[in-house]
Amino acid sequence: MISLNKNNQQHFFWEKRIRLVSLVIFLFGLLIIFRLFYLSVYQHSFYEAIATNRQAVNENLLPERGSIYVREDGKLYPLVTNQQYFLVYAEPNKVESAKEVVDKLTPILNLSEEEWKGLLNRLAKKSDPYEPIMHKVTQNQVDQIKKLDLTGVGFVGETYRYYPEKNIGGHIFGFVTHSDQEVKGQYGLEGYFNKELSGQSGNIKSIKDALGALITIGPRTVESAQDGDNLVLTIDRKVQFTACEKLKFFYDYFEAQDASVIIMDPKTGAILAMCSFPDFDPSNYGQVDSINQFNNPAIFYDFEPGSVFKAFTMSAAIDTGAVSPDTTYDDTGEVKIGPYKIQNSDLKANGQQTMTQVLEKSLNTGAIFAADSIGKNKFVQYVKDFGFGQPTGITLETEVPGNISSLNKPGDIYYLTASFGQGVTVTPLQLVSAFGVIANQGKLLKPYIVSDIIKPDGTDIAAKPEVARQVIKPKTAALVTGMLTSVIKNGVAKKASVPGYYLAGKTGTAQIASSNGGYGKETNHTFIGFGPVTDPRFVILVKLGKPQGINYAADSVAPIFSQLAAFLLNYYQIPPDY
Amino acid sequence: MAHFVKGTKAKKSTGRWFGLGKLNVAALNISVVVLIVCGVIGYVAQVNGLATKGYLIKDLQSQVNQLRDQNGQLQAQASDLQSLDSVKNKVSELNMVPVGQANYLSSSAVAVASAR
């Protein structure tokens, strides 16, 4: 009994201790639970923010910008595409020897002395965590730098626009600027179709591990980026190349202030070639003398067209039935309109002349006669119907409508002056489009330069020729074509001819308005023509602004037309007419 | 003491449970534990496998991107070589000459008579 009581006492003693220890452990556990509750429930948002900041990925997925192609023999050739380049950067705080790094990079990156000095100063700052060295570095250069194994030098991929065809004209394409991670098209097609070419950014939300890689089993929300649309142009690469090459030669030869050539298919309105100078390189758009160079002269710079406008005056007069190609008038060499006297460019009185001879000899007095025969209202209506005074609607940025507001002024002098292309301003594209009316049985077509828009999913949206209106009757078009053919065959534009072929065309040597009022001695030279007249395949406009050392368009731009026409007749394998 | 001892003696199992037969509770407990352990191991293995696959996918994606970049570079080189500037520069090397005037043959039938 006594030993039992002693055992019980010992048992109860240990039981108390165990209970005390249990209580302490329990309290400790309770403390942990409370702490856990405090951290994970009460301070949940605080720690969630820290974790999100470290682990969360919320990035934009950049789309690929659409490319611009031309179609040849069923294949697409890129004129504007994207290419991977690299940004080379340094982490100065990790660079061991700034001079060694800069000396090794200089021959690879072709740094100038000034750039060498600037880079050395920047890399010498040991507290600096990041310094960009150069953008648009090629893969070849990066491979060379990698071989050097320089500590603190790294690379990041960048995408830039790439133009495989050089010397093909920057005005059509425009260019792309990069700023604050925004890529934006400016001018030309890049500007007009910026939204379509850009596509749409996507987004990815996920979590990353300590190395920065996405955790596969983690939560993920992805909104895919949508790449930009691709454009296919109506431009014929070979025609464009030839046109630009020939224009450049004469632009330099005549030391012209500006030059333009446009070649259009008269049956569809498709632009086969469009080239202007001074030009710019879209991949180096910063290297221009003036920002004005970015504007496409073919659609932005309107000018007084001069005698080429007589073709439209004559078309209007014949279409109304007021005159016919054989209608005659007495050319006294000048016409008096109120206090004004208008003379022929050769200052001669030619006597009795037909309407055909008016165009052959480019007689201002004859144009006035034709315009006067239909009256101001009808003349103005035809001018508008031919598309002047309004944009053509071509899908290029910065097109201007020209200016025919003088035709609204009271009195006859303005519209009669406009009859031979002075006092109104038009763009080269409006002129070639209007001339296309004569080549296309009287129908005005909307000129277009984008034949297809190809969506990222492959859907092809093809453009269709658009007839704006019937401006003149098909018979009128045929008659005027005959008259314009005579201009080249028998008239002042013999240098525009191509042996064996009937081509129609008109010269224009237009005076340029002086800032002091009136007209100066400088001129713009224009020639517009089409052929072959039996089945026109092309309309060509050539313009030289203020060419030096030459007086008349018949001697400057008419030969350029002849060369281009000869090329096209050969290129399209068109057999001769005679 | 005897009462206490008596009182603490556990009741013997009757060995019957809803009429299904004799069921060993201990065996059931062990089975559940084994199942849980297998489940946990399986889950860990699956997650580990997914994570491994994730790294593989990342590597493959990186290879795809590299190949895509290389493809782009090659396409750019091809475009360069096909450019008209490049062709023009090679014209003299290839001994090519400008196209001259083409002669066209008429396909229309021409009636002829023999001269006598």
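Tutor: The following dialogue treats chains, domains, sheets and helices in turn. Please bear in mind that this is a predicted model.

Student: Let us begin with the domains. Which domains does the assignment give for chain A, and how far apart do their C-alpha centres lie?

Tutor: The assignment divides chain A into domain 1, residues 75-164, and domain 2, which consists of 237-282 + 290-571. Their C-alpha centres are 51 Å apart.

Student: What secondary structure does chain B have?

Tutor: Chain B contains 3 helices and 0 strands, so the order of elements from the N terminus reads α-α-α. Of its 116 residues, 2% count as buried.

Student: How many residues of chain B are in contact with chain A, and which elements supply them?

Tutor: The contact joins 20 residues of chain B to 21 residues of chain A. On the chain B side, the elements that give two or more residues are helix 2 (25-82) and helix 3 (84-91). Helix 2 of chain B provides the largest share, with 14 residues. By class, the chain B side comprises 9 nonpolar, 6 polar and 5 charged residues.

Student: How many bridges link strand 1 of chain A to strand 8 of chain A?

Tutor: Strand 1 of chain A pairs with strand 8 (residues 202-207) of chain A over 6 bridges, in the antiparallel sense. Within this pairing, Leu61(A) stands opposite Gly202(A) of strand 8 of chain A.

Student: What is the strand order in the sheet of 5 strands?

Tutor: That open sheet of chain A has the order 12-11-23-22-21, with antiparallel pairing. Strand 12 (271-277) and strand 21 of chain A are the edge strands, each pairing on one side only. The twist averages 10° from one strand to the next.

Student: Which helices should I examine against this sheet?

Tutor: One is helix 16 (residues 474-489) of chain A, which packs on the sheet and touches strand 21 and strand 22 of chain A. The direction of helix 16 makes about 75° with that of strand 21 of chain A. Another is helix 15 (residues 428-439) of chain A, which lies across strand 11 (258-264), strand 22 and strand 23 (538-545) of chain A. Helix 15 runs at about 150° to strand 23 of chain A.

Student: Is strand 21 of chain A largely enclosed or largely open?

Tutor: Burial is judged by counting neighbouring C-beta atoms, and 20 or more within 10 Å make a residue buried. In strand 21 (residues 504-513) of chain A, 7 of the 10 residues are buried, so the strand is largely enclosed by the rest of the structure.

Student: How does strand 21 of chain A pair with strand 22 of chain A?

Tutor: The pairing with strand 22 (residues 519-531) of chain A is antiparallel and extends over 9 bridges. Lys506(A) has Ile528(A) of strand 22 as its bridge partner. The hairpin of these two strands has 5 residues between them, and Gly517(A) there takes a positive phi near 100°.

Student: How is the packing of two helices described?

Tutor: One gives the approach of the axes, the crossing angle and the handedness. The axes of helix 10 (residues 310-319) and helix 12 (residues 364-374) of chain A come within 9 Å and cross at roughly 35°. The crossing is left-handed. Among the residues in contact are Met314(A) and Ala317(A) of helix 10, and Ala370(A) and Ile374(A) of helix 12. By class, the contact has 7 nonpolar, 2 polar and 1 charged residues.

Student: Finally, is Asn377(A) buried or exposed?

Tutor: Asn377(A), found in helix 13 (residues 376-385) of chain A, counts as exposed because it has 10 C-beta neighbours inside 10 Å.

Note on methods
Residues are numbered from 1 along each chain as its sequence is written. Chains are lettered from A and ligands numbered from 1 in the order in which they are written. This is a predicted model: local features need pLDDT of at least 70, side-chain atom pairs count only at pLDDT 80 or more; totals for chains, interfaces and linings use all residues. Axes are lines fitted to C-alpha atoms, for helices over the stretch in contact, and angles run from 0 to 180 degrees between N-to-C directions. Helices (H or I, at least four residues) and strands (E, at least two) are DSSP runs, numbered from the N terminus. A crossing is left-handed if the near helix is turned anticlockwise from the far one by less than a right angle, and right-handed if clockwise. Two residues are in contact if their C-beta atoms, placed from the backbone, lie within 7 Å. Ala, Val, Leu, Ile, Met, Phe, Trp, Tyr, Cys and Pro count as nonpolar, Asp, Glu, Lys and Arg as charged, and the others, Gly among them, as polar. Two strands pair if DSSP finds at least two bridges between them. Domain bounds come from an automatic or database domain assignment. A residue is buried if 20 or more other C-beta atoms lie within 10 Å of its own, exposed if 12 or fewer, and partly exposed in between; C-beta atoms are placed from the backbone.
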